[in-house]
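Hi everyone, thanks for making time. Let's walk through this one together, starting with a pair of side chains and then moving on to the packing.

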Amino acid sequence: MIDKIVELIVVLFVVSLGTFALVSLIPGDPSVAMLGEGHTPEEYAQARADMGLDDPFLTRYWHWLSGALQGDLGQSMVPPQGPVTESISAAMPVSVQLAVMGLFIAIVVAVPLAMWSARHQGGWIDRAISACTFGVLSIPSFLSGLLLIMVMVNYLGWFPRSQWVRVSEGLGQNLYHAILPAITISLLEMAMFIRILRSDLVMTLKENFILVAKAKGMSNARLLFSDALRPSSFSLITMLGIVLGSMIGSTVIVETLFSLPGMGSLIVRAAQQGDMPMVQGAVLVIALVYVVANGVIDIAYGYLDPRSRRAHV
């Protein structure tokens, strides 16, 4: 447990250093992004000095990291130049909700389909589900999003094209506006979960304890749900932490398609405007969620699978 926490801290430190270094390499003069065009060289030089951009790299990194540890990610350089944490606090719930809803939809759909496919291994049901998953995996998110918009929004009129309603303004309206983007996000993960769980279930159903249970006359439904699902779900559980973190960062395309005010839109807009503190803060927060989610899954995996605990003894 302590080793895992230490590893998380080291990874977060490396991520923060890499984030700060990469964002510092973005072309353009931050003083121009802050003041705009038409100012004198002296004014730009003073702005750079005020932002500490003339200091050595390690000095600037230490000031930024020490502030981040205290919850201060700096000030946005683009008008109205508010605190970075305020913008992230407004955008993060949107991306987290979409990611969690997408993950939930993917699991709810993938688990029964994977079990159905494994139960009928080699049959037409198995082949049909496998063909559908391959088809979904071959379609990029932006194309599947456009197809859903064409059918669900333009043709059927079941969902709104854009607009976001926060939970505080009404849960029903919030879910109504969030469901289609969440479905778009869930499609690739859904197909991936089906393939992973189906493969593990096929292997588990060939184990001796399953064959013994079949010989005793246990029903197929009980075999799948009570005996085969749990030992087959370790790979799926491991993927959940990776997918949750990546889904929060990969909502850029979906948020752009549906005009949603999430982290993806925030990062793209800040990068276009040359707002370095905003990009650094947003990327760091997403990396933090990603690393912590993976750490929690890694720790939980040890409790779910006793073999992984014994491997470290």
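Let's begin with D126 and R198, whose side chains meet in a salt bridge at 2.6 Å, N to O; by that I mean a side-chain nitrogen of Lys or Arg within 4 Å of a carboxyl oxygen of Asp or Glu. D126 sits in helix 6 and R198 in helix 8, so the pair ties together parts 72 residues apart in sequence. Helices here are DSSP runs (H or I, at least four residues), numbered from the N terminus. The structure holds one salt bridge.

A quick word on the source: this is a predicted model, where local features need pLDDT of at least 70 and side-chain atom pairs count only at pLDDT 80 or more, while totals for chains, interfaces and linings use all residues. Residues are numbered from 1 along each chain as its sequence is written, and side-chain values use heavy atoms, leaving out hydrogens and water.

Is D126 buried or exposed? Its relative accessibility is 4%, so D126 counts as buried (under 20% relative accessible area, with exposed over 50% and partly exposed in between, using a 1.4 Å probe and protein chains only).

Now, the packing. The largest nonpolar core has 43 residues, and L98, F193 and F258 have the most contacts inside it. Such a core is a set of buried Ala, Val, Leu, Ile, Met, Phe, Trp, Tyr and Cys residues joined through side-chain atoms within 4.5 Å. Helix 5 gives the most to this core, with 12 residues. Apart from it lies another core of 23 residues, including W64 and M278.

Definitions and conventions: Helix = DSSP H or I, 4+ residues; strand = E, 2+ residues; numbered from the N terminus.
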